Amino acid sequence: KMTRAFYVFILSVLLIILNTTACKKDDKDVLNIISVEGNSMTEYNKDYIPEQGIFIPSTLWQCEGTMYRTFIQLALQPSAGLMFEIFTSSNTEQIPVGTFSLGSPCAEGFTAAFYPYSGSKTTGLCFSAGAITIEKDGDKYDIEMNLTIGDECGGGTMIGNFNGTLTESQD
């Protein structure tokens with residue numbers, strides 16, 4: 001009888017372990033950290049924390065074809081700004097959701113710019129490749145980014161996440 005109780009105990013422990021490891025919610029990477037790594041401007045290489053986000057809703061933009069532009073700006077600490085312009089051919093929502101590839105203005109996809117606000121540095125980072133994914137859950141947005149910094153801007157990567165509310169700009 002001792003062995004049967006032992007096997008039942010072991011089986012229940014294994015089931016508990018299996019249950020807790022298999023049923024984890026879709027574990028996102030760390031939320032609300034944007035990291036710059038490998039840039040030749042070493043003072044840019046750090047973790048930035050998004051403090052707030054604003055947006056200008058999707059509006060018809062001056063392009064050859066029909067194209068809508070949504071503007072998102074994230075204020076980061078230490079003092080920096082990250083801007084995205086998302087271009088889509090349809091105007092279905094204020095902020096489009098989905099995965100967008102880095103491109104050029106007036107082409108389906110997005111453009112991005114990063115500027116530190118500190119000291120005399122006026123040059124920001126330019127990007128040569130990458131993607132962002134925007135998801136919406138209630139009034140919260142989740143923006144995953146994986147961007148390659150252009151060689152002419154020192155190279156490296158900007159990888160991270162914004163998770164929070166975006167406030168409509170009153171401009």
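Predicted model: local features only at pLDDT ≥ 70, side-chain atom pairs only at ≥ 80, totals over all residues.

Reader: Fine. How do I describe a pair of aromatic rings?

Author: A pair of aromatic rings is described by the distance of the centres and the angle of the planes. There are 3 aromatic pairs in this structure. Take Y48 and F114: their ring centres are 5.2 Å apart and the planes meet at 70°. Planes over 60 degrees apart count as edge-to-face, so the pair of Y48 and F114 is edge-to-face.

Reader: Where do Y48 and F114 lie in the chain?

Author: Y48 is in strand 2 (residues 47-60) and F114 is in strand 6 (residues 109-116). They are 66 residues apart, and the pair links distant parts of the chain.

Reader: Are Y48 and F114 buried or exposed?

Author: Both Y48 and F114 are buried.

Reader: Let me try the next one. How are the rings of F84 and F110 arranged?

Author: Their centres are 5.9 Å apart and their planes are at 70°, so this pair is edge-to-face. F84 belongs to strand 4 (residues 80-88) and F110 to strand 6, so the pair ties together parts 26 residues apart in sequence. For burial, look at relative accessibility: F84 has 0% and counts as buried. F110 is buried too, with a relative accessible area of 0%.

Reader: What lies over the face of W61?

Author: That's R69, at 4.1 Å from the ring centre.

Reader: Now the cysteines. How many disulfides does the structure hold?

Author: It holds 2 disulfides. To read one, check which cysteines are joined, then the torsion about the S-S bond, then where the partners lie. C63 is joined to C106, with an S to S distance of 2.0 Å. The torsion about that S-S bond is about -80°, so the disulfide of C63 and C106 is left-handed.

Reader: Which parts of the chain does the pair of C63 and C106 link?

Author: C63 sits in the loop between strand 2 and strand 3 (68-77), while C106 sits in the loop between strand 5 (98-101) and strand 6. The two cysteines are 43 residues apart. C63 counts as buried at 18% relative accessibility, whereas C106, with a relative accessible area of 32%, is partly exposed.

Reader: What about C126 and C153?

Author: Those two form a disulfide with their sulfur atoms 1.9 Å apart. The link of C126 and C153 has 115° about the S-S bond and is right-handed. C126 is in the loop between strand 6 and strand 7 (127-137), and C153 is in the loop between strand 8 (140-149) and strand 9 (157-164), 27 residues apart. The cut-off for buried is under 20%: C126 counts as partly exposed at 21%, and C153 counts as buried at 17%.

Reader: Which pattern do the disulfides follow along the chain?

Author: Count the bonded cysteines along the chain, and the pattern is 1-2, 3-4.

Conventions. Residues numbered from 1 in each chain as written. Heavy atoms only, no water. Phe/Tyr/Trp six-rings, centres within 6.5 Å; stacked < 30°, edge-to-face > 60°. Helix = DSSP H or I, 4+ residues; strand = E, 2+ residues; numbered from the N terminus. Buried < 20%, exposed > 50% of the residue type's maximum accessible area, 1.4 Å probe, protein only. Lys NZ or Arg CZ within 6 Å of the ring centre and 35° of its normal. Disulfide = S-S within 2.5 Å.
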